Amino acid sequence: MIVSLCHLRLNLSYKGVLSVLWLTLLGDMDAAVEGDRLASSYDEHVLPFLNRYCLDCHSGDKPKAKFDVSPYQQTGDVIADFGHWELILDMLQNREMPPEDEELQPSDEDRKQVIDWILAVKREEAEKNAGDPGIILARRLSNAEYNYTIRDLTGVDIQPTREFPVDPANEEGFDNTGESLTLSPALLKKYLEAARQVSEHLVVKPDGFEFAPHPVLTETDRDKYCVNRIIEFYQQQNTELGDYFRAAWHIKNKSRIPLSDASLEEAASTHQVSTKYLKTIWDMLEDGQQNWGPVARLRLLWKEACKEEDAELVSEKIQAMVDYAKEARAALTFEIPHIRVQGIHNGCQAFVLWRNREKARHRMLGDIQRLIDQPKESDEALGLKLPPTGRAPLRRGRGAREMDHLPDDVNVSVAQTKAALERFCAIIPDAFYISERGREFLDPDENRQNAEQGRLLSAGFHSMMGYFRDDQPLYQLILTPVQQNELDALWQELDFIAYAPMRQHQGLVWFERTDSRFMRGEEFDFARAEDKDVTSEEKIKRLAEVYLAKALEMGADALAAQAITEHFDLINKSVRWVEKNRLLARPSHLRALLDFASRAYRRSLSQAETQDLIAFYSQLMAEGNLSHEDAIRDCVTSLLVSPHFWYRFDIPSTQPGIHPVPDLSLASRLSYFLWSSMPDEALLRDAQNGQLHEQSVLLAHVRRMTQDQRFRGLAVEFAGNWLGFRRFQTHNSVDRQRFPQFTDALRLSMFEEPLQFFLDVARADRSILDFLYSDHTWVNPVLAEHYGIPVQSGRDAIGWERIHVKEYGRGGLLPMAVFQTVNAPGLRTSPVKRGYWIVRQVLGEHIPPPPPNVPELPPDESAMELSLAKMLARHREVRDCATCHEKFDSIGLAFEGYGPVGERRAIDLAGRPIENRAVFPKGEEGTGLDGLREYLAQHRQPEFVNQLCRKLFAYALGRSLVPSDEPILETMQTRLAKHGYRFQILLESIVTSPQFLNRRGMETLAQNNE
């Protein structure tokens, strides 16, 4: 026994220290005596027992059950491979070995001596090394951990190991241990390819870099990334007038209180609209400042809507407001003419962009002159026949003759009418934003559809790349200052990332020299699209001069000349902005690279590592002739193939004994346990501050991390592997012609059900016994239909809901369709597989592999002459088979009320009534799921609790369990029973255990490996 004096209080008296050392010495002496006694007993009782009763069958070239007992010649051999001796213990305690048909049988006393010896070894080893953290091998990240870590490191779920070989599992059934995660040259090559794949998603920005959801190496990919982000931003903003009118009605009729910031925000949140624009709409409808024109007409319709309380009538009134607003606005929308010059292509960039700018500038303006010129019949649509309300009629003012078509009984000035129309247009724009355009140079009257639809954010050129921003009404009326800055940044990034101005200008040069033929003269030979310097300031300015000169020669008027001049000036400024900011951004990219490296390594970089990374970047630029962006990308690749990223290892302490794991290593232990991924900023911050070993801090993180969406990683990787459904998303053993209900959507829903259940138990801190006995489960509409559960109207098509389902034969894990399906061969049920799954996976009973040449049951239930229950009874008449099948066949028969895809049934596929009554081990009888649950509750519940504790503990530690883990497992189960089997107690017991918090020193590691 090793005692670390650093754990003793410094003020211990000399006598106290001597007492501690004396007790330690006595403990060591007792341990030595016990070790000698066990060794003597092994030679005297156990080894002769093995030689007499076991050796004949379990030795030689082909030992039965592939288990050879001949290597165990002394106690040390047993301790080194105690996992197999756990199986021997089970067999002896259950009187399964030697088999009953063997003539030579040990006496009860002989059997008891061997059982007691194994238990004594187990107890002695557990006490001697209690709390030993064990050997934690350095290992690579598993495929799943690598994917999750890349997701959290980059912000994008790239899943680069999708095509990797499946990771092997260790004895505990998990693939997160150094025992199984080996590395071959071929796999190393795949990791390099994966790192390159991730780096291809890298996007440099004006400040730092991030990762796109798709590769961004080509111009098309860059465009897609930038454009989609702008479109997504637009689509997140609610511009539906009806929703704003409804929100205003909510304030007016539901709040019944004066307008306040709180009522505005509450209504805006309820109806998912902009608080800012809702206030504008409210003021227009309620302030009473305008009693003429479209605003007054809207107010009358608004008053009618506010009188109604019936939802359907309110909806009709509000729709009438929307229809009127759109009709009135259309009557006032400007028609912007095209610029046409004989000999210049109508698709000339300068002319198209001039028209785009004019249309954008007039979005919130009204064409008042059109009102003056249009027929009298349109007055009503614009609200001009409505007399002022609430005050005496106005006298006609100066200029009224211009409005002679107005009714004689209304006295209003032209200025007042214009003011009314201008306010309406400023509040109700003709469009909040334009997200797509076709060929803008076409005549809109003849080709309106082509002119208004087409490519996202396109400027509307012909055979040329180019984007145009048209969103001022959205920007001014709806967006907050923070949102405005976000949108500005997105448009700047389009230029920065996609080199949009450069490519647009190259497109102009190419187009004007080919399709247009405008630039085919010798004076334009200096400007060629393929020249790298075609976008230089010198060439753009020179091209602007000769282009304008030729246009004037061809009869361009002042407006056309202005459009040409403005275009080249704007494109030159845009190109220069991109060039300047790409140079200015480089330091931010290097800072982002260092930050990325620190997060990838899950710790701060050393000064040497920082210098090496910057030197590598500089070398790539100087010697590799790479661009800045490619050099950054290669640096990211190098970081992702570094062992500091895709390997996990805790370097043992140089001091002997057991020591706390460093806080940063503890942060990774915790995050890879609960999330299967890297620590987040909060966890690393407390680790770097040296606070993570404080129990209150550690447990606070556990509770926080349990509620995080990344906690799903534990559900998928732990529960999925423990219960055997991890790869069910690709399950293809079901005959879909016989079971057409087994669709991809149903398969995905089956896979999701146990995950939702597990997450709910963990996050709500429910009892772990809910896994066995709960009367509820989680369903979505697809799964509810499969289970015969009525789908409530209005339920989200993909939403999940926790419901009580006892009357439908569901509840808890056992009857879930995913387990019934994965443990069925396709065209029939399988009580053998289903029972084995319960006994082996859920309860943790050790079952030896089946003997060779076991006859298969018929594959198709509909063609079987006998029921499965009768066929299995016949199978158990074979003694070699009965030993194991008696343990699980009857348990599997309890599920005969569930078909091959987990559907409820009363008859089997051959039309026979199902037989789900069985005699369980221990002799109790039961019927169906209820009978099985009663049997488990009375006889097997401790086995389930023990199995869950062992499995989760092994998963958390990333190693197989050893005898020294037994005390903490016993403590864990005692705490669970005391606290209502709450899930959080299980997590807390694990993360506060010595095994989780500590590591071995080098000397201790060497001693334990001898």
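This is a predicted model: local features need pLDDT of at least 70, side-chain atom pairs count only at pLDDT 80 or more; totals for chains, interfaces and linings use all residues.

Residues are numbered from 1 along each chain as its sequence is written, and side-chain values use heavy atoms, with hydrogens and water left out.

**Entry: a strand pair.** I looked up strand β8, residues 776–779. Strands (E, at least two residues) and helices (H or I, at least four) are DSSP runs, numbered from the N terminus. His776 and Trp778 on one side of β8 are buried, as are Thr777 and Val779 on the other. Buried means under 20% relative accessible area, exposed over 50%, and partly exposed in between (1.4 Å probe, protein chains only). I found β8 paired with β9 (residues 801–804) in the antiparallel sense, over 4 bridges; two strands pair if DSSP finds at least two bridges between them. Histidine 776 has histidine 804 of β9 as its bridge partner.

**Entry: leucine 666.** Which helix holds leucine 666? I placed it in α26, residues 663–674. Leucine 666 is buried, as its relative accessible area is 0%. Its C-alpha atom is 9.6 Å from that of valine 991, 325 residues apart along the chain.

**Entry: serine 516.** I found serine 516 in the loop between α19 (500–513) and α20 (537–553). Serine 516 counts as buried because its relative accessibility is 12%. The C-alpha atoms of serine 516 and histidine 345 are separated by 5.6 Å, with the two residues 171 apart along the chain.
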